[in-house]
Structure formats: C-alpha cells, structure tokens
Amino acid sequence: MKISIGARVEEAGSSIKYKTGGWRSYRPVVNKDKCTKCWLCYKYCPDAAIEKGKDCAVIDYDYCKGCGVCAKECKFEAIEMVPEVK
Ligand code: SF4
Ligand code: SF4
C-alpha cells in the first residue's frame, strides 16, 4: 500500500488486536509438576506470551507463535513443544 505525502494514519497497528497464535506449528505445553516458577521463560519469550501463573508458567496461546525459545531456556525441562493440532 502506498501512503501519499501528508497522509495521516488514523489507527496505528496494534499487537494486541492481531492475534498471532494462528502462525504456530508447534505449541509449548507446561508441565506443572516440573515448573519451579523461576520465570526464565517469562523473561525470554519474545512475544510476551507467558504469564506468571499461581502454580506455574501460563502460555497465552492467542499470541504464542511457537518459536520454542521458552522450552530451550527452561532448565527444568518443564516445557515441551508438541505439534499443533488444528
Ligand atoms: S523456565 Fe521452566 S521452570 Fe522456569 S517458570 Fe518457565 S516453565 Fe517454569
Ligand atoms: S513458544 Fe515462543 S512465543 Fe510461545 S511462549 Fe514460548 S517463547 Fe513465547
């Protein structure tokens, strides 16, 4: 799309509005029994798709793109990447 000189963008893009979870081919699944609540996954998730749950890390599947960074960073093997089933 070409934007003409002087044009105004009335509505800027919003990552909240665009749910990117549909891009996923693998989904992270948290094993509640293994999670120590160290929050490393929370810090490393590039999409801020992990919340600090009461008992363990909680994935927001609306925005998780399935990159697998959380599973790689978890030192307790509490996150497993499994194929997404549509
Ligand atoms: S990195 Fe692993 S152990 Fe730490 S909060 Fe995340 S899932 Fe739990
Ligand atoms: S798979 Fe990637 S986007 Fe999804 S929760 Fe883990 S780090 Fe975040």
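Okay, let's start with the rings: a search of the whole structure turns up 0 aromatic pairs, where a pair means Phe, Tyr or Trp rings (the six-membered one for Trp) with centres within 6.5 Å. Keep in mind that this is a predicted model, with local features needing pLDDT of at least 70 and side-chain atom pairs counting only at pLDDT 80 or more. Residues are numbered from 1 along each chain as its sequence is written, and ligands are numbered from 1 in the order in which they are written.

Now ligand 2. Around it we find, among others, Cys45, Cys64, Cys67 and Cys70, along with Pro28 and Pro46; being near takes a heavy atom within 4 Å. By class, that shell has 8 nonpolar, 2 polar and 2 charged residues, with Cys and Pro counted as nonpolar, Asp, Glu, Lys and Arg as charged, and Gly as polar.

Trp39 isn't a glycine, yet its phi is positive, about 65°. Buried or exposed, this Trp39? Trp39 counts as buried because its relative accessibility is 16%, and buried means under 20%, exposed over 50%, partly exposed in between, with a 1.4 Å probe and protein chains only. Glu77, another residue other than glycine, has a positive phi near 50°. Glu77 counts as exposed, since its relative accessibility is 63%.

Note on methods: Heavy atoms only, no water. Phe/Tyr/Trp six-rings, centres within 6.5 Å; stacked < 30°, edge-to-face > 60°.
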